[in-house]
Amino acid sequence: MVVYDVRCSHDHVFEAWFPDSSAFEAQAKKREISCPVCGDVRVERAPMAPNVSTGKGDAARRKELAAHAVRMLTNMQAFIEKNADNVGPRFAEEARKIHYGETSTRNIYGRATDQEAAEMKDEGIEFGEIPWRHRSDA
Ligand SMILES: [Zn+2]
């Protein structure tokens with residue numbers, strides 16, 4: 001399916017769905033598409049990028065998405081660094097203390113081994129895992 005912005009000769013623009021781009025051409029030629037505002041059948045495609053995946057430029061798009069994801073992670077990391085205490089390798093120990101009320105509740109971040117993470121899950125300690133980017137200057 002493709003969605004096009006269609007414009008009639010009175011400059012009304014409306015959205016219409018077609019099985020594919022050739023279906024639009026065929027229907028427009030046969031005057032089967034009419035403007036919902038004025039009923040005009042003299043329509044043409046309004047200039048816009050249709051929401052179609054053509055497979056073209058996918059590599060560029062992937063690259064863009066990857067760059068976007070890295071930016072988001074970097075922002076998230078910056079947010080965590082600003083709003084939570086870095087407890088480094090003592091993450092499991094500190095998370096446990098907070099969970100059992102042995103220390104004041106606060107946001108922490110740090111590292112946990114796979115085994116520590118599994119143990120914390122077993123104990124019902126809530127925590128999240130995110131892929132952490134190691135800065136070259138760290
Ligand atoms: Zn119209």
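Trainee: In which helix is confidence lowest, and where is it highest?

Mentor: Confidence is lowest in helix α2 (residues 58-83), with a mean of 80, and highest in α3, at 93. The score is pLDDT, the predictor's confidence in each residue, from 0 to 100. The protein chain averages 84, and 88% of the residues score at least 70. This is a predicted model, in which local features need pLDDT of at least 70, side-chain atom pairs count only at pLDDT 80 or more, and totals for chains, interfaces and linings use all residues. Residues are numbered from 1 along each chain as its sequence is written.

Trainee: What pattern does the protein chain follow along the sequence?

Mentor: The pattern is β-β-α-β-α-β-α-β-α, with four helices and five strands. Helices (H or I, at least four residues) and strands (E, at least two) are DSSP runs, numbered from the N terminus.

Trainee: And in what order do the strands of the open sheet stand?

Mentor: Three strands form it, in the order β2-β1-β3, with antiparallel pairing. The edges are β2 and β3 (43-45), each with a single partner strand, so one side of each has no neighbour in the sheet. Neighbouring strands are turned by 40° against each other on average, direction ignored. Two strands count as paired if DSSP finds at least two bridges between them. The angle is taken between axes, which are lines fitted to C-alpha atoms, for helices over the stretch in contact; angles run from 0 to 180 degrees between N-to-C directions.

Trainee: How many bridges join β1 and β2?

Mentor: Six bridges join β1 (residues 2-8) to β2 (residues 13-18), in the antiparallel sense. Y4 stands opposite A16 in β2, and R7 has V13 as its bridge partner in that strand. Four residues lie between the strands of this hairpin, where D11 takes a positive phi near 70°.

Trainee: Staying with A16, is it buried, exposed or partly exposed?

Mentor: A16 is partly exposed, because 16 other C-beta atoms lie within 10 Å. A residue is buried with 20 or more other C-beta atoms within 10 Å of its own, exposed with 12 or fewer, and partly exposed in between; C-beta atoms are placed from the backbone.

Trainee: Which residues does A16 touch?

Mentor: Not counting residues up to four places away in sequence, A16 touches Y4, V6 and I33. Contact requires C-beta atoms, placed from the backbone, within 7 Å.

Trainee: Which residues make up the largest nonpolar core?

Mentor: Six residues make it up: Y4, V6, C8, F24, I33 and V43. The largest share, three residues, comes from β1. Such a core is a set of buried Ala, Val, Leu, Ile, Met, Phe, Trp, Tyr and Cys residues joined through C-beta atoms within 7 Å. Buried residues are 7% of the 138 residues in the protein chain.

Trainee: Turning to the helices, which residues of α3 are buried?

Mentor: In α3 (residues 91-99), these are F91, A92 and A95. They lie on the same side of α3, because they cover an arc of only 95° around the axis, taken from the directions from the helix axis to the C-beta atoms. They pack against β4 (85-88), β5 (108-110) and α4 (114-122).

Trainee: How many residues of α4 are buried?

Mentor: Of its nine residues, zero are buried, so α4 lies largely in the open. Just after α4, G124 takes a positive phi of about 75°, and just after α3, G101 takes one of about 70°.

Methods:
Contact = placed C-beta atoms within 7 Å.
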